[in-house]
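Dear colleague,

I am handing over a structure for you to look through, and my notes on what was found in it follow below. Please keep it open beside this email as you read.

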Amino acid sequence: REYMMNFFEDPILKTLFKKEVYTKDEIIISPTKNPRSLFFIYSGAVSICVDGKNINILSKGDLFGELSFLNNEVPIASVVAENNCECWIISQNVIKNHPQRYTIEKKLFNICNAKNRNLIQESNSFILQTLKEKEMYSKFFFLIVFLFSINLIMSSYIYTKNIDVFNVYYGWLSLLVFLIPIGITFVLSKN
């Protein structure tokens with residue numbers, strides 16, 4: 001993850017972190033436990049939980065705690081170690097008395113911003129994929145409605161004209177009526 005490389009390569013930032021190891025099921029952040037720190041996952045994984053429901057799992061290279069760190073907000077989610085997890089942490093207290101405080105805050109803000117841009121790109125990709133799948137279902141539904149309509153029209157025509165349904169021409173005609181829309185839908189689904 002590119003934003004993590006910015007953290008590890010920066011000579012000022014890498015002197016400010018402390019390493020902390022959390023054990024499986026240990027609560028790292030919760031609405032009642034707000035360390036006002038920025039956490040970088042060096043190894044292991046954590047769960048993000050809201051109202052007791054797991055909504056995401058973060059792993060090596062991810063960061064969390066940025067909202068309470070940057071905005072002094074009380075966390076709305078809990079972060080729980082999925083397994084033994086090593087995090088590198090920068091706390092607000094370390095930065096607020098540092099002589100280069102504003103430079104450090106700007107760098108950390110840029111790292112958090114890069115992470116959020118990355119998340120937005122991943123979300124956009126997921127949304128586009130979902131829309132393509134829904135479009136495919138829509139095409140399939142259109143095909144079913146179209147075939148049903150053609151079947152009704154053909155049945156009405158056959159009934160009113162007293163056509164012999166065992167006639168060879170009728171067999172070919174009904175086969176084409178069903179294969180053409182299927183072929184069109186298949187071609188459209190590839191685009």
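The second largest pocket is lined by F69, L70, N72, Q92, N93, I95, K96, R101 and E105, where a pocket is an open set of points on a 1 Å grid over the protein atoms alone at which a 1.4 Å probe fits, with protein on both sides within 12 Å along at least five of seven lines, and lining residues have an atom within 4 Å of a point. This is a predicted model, in which local features need pLDDT of at least 70 and side-chain atom pairs count only at pLDDT 80 or more, while totals for chains, interfaces and linings use all residues. Residues are numbered from 1 along each chain as its sequence is written, and side-chain values use heavy atoms, leaving out hydrogens and water.

The helices α2 (66-71), α3 (92-96) and α4 (101-161) each supply at least two residues of that pocket's lining, with the largest share, four residues, coming from α3; helices here are DSSP runs of H or I with at least four residues, and strands are runs of E with at least two.

Turning to the strands, four of them form an open antiparallel sheet in the order β1-β8-β3-β6, two strands being paired if DSSP finds at least two bridges between them. The edge strands, each pairing on one side only, are β1 (18-22) and β6 (63-64). Strand β3 (residues 37-43) is joined to β6 by two bridges, and the bridge partner of F40 in β6 is L63.

Best wishes
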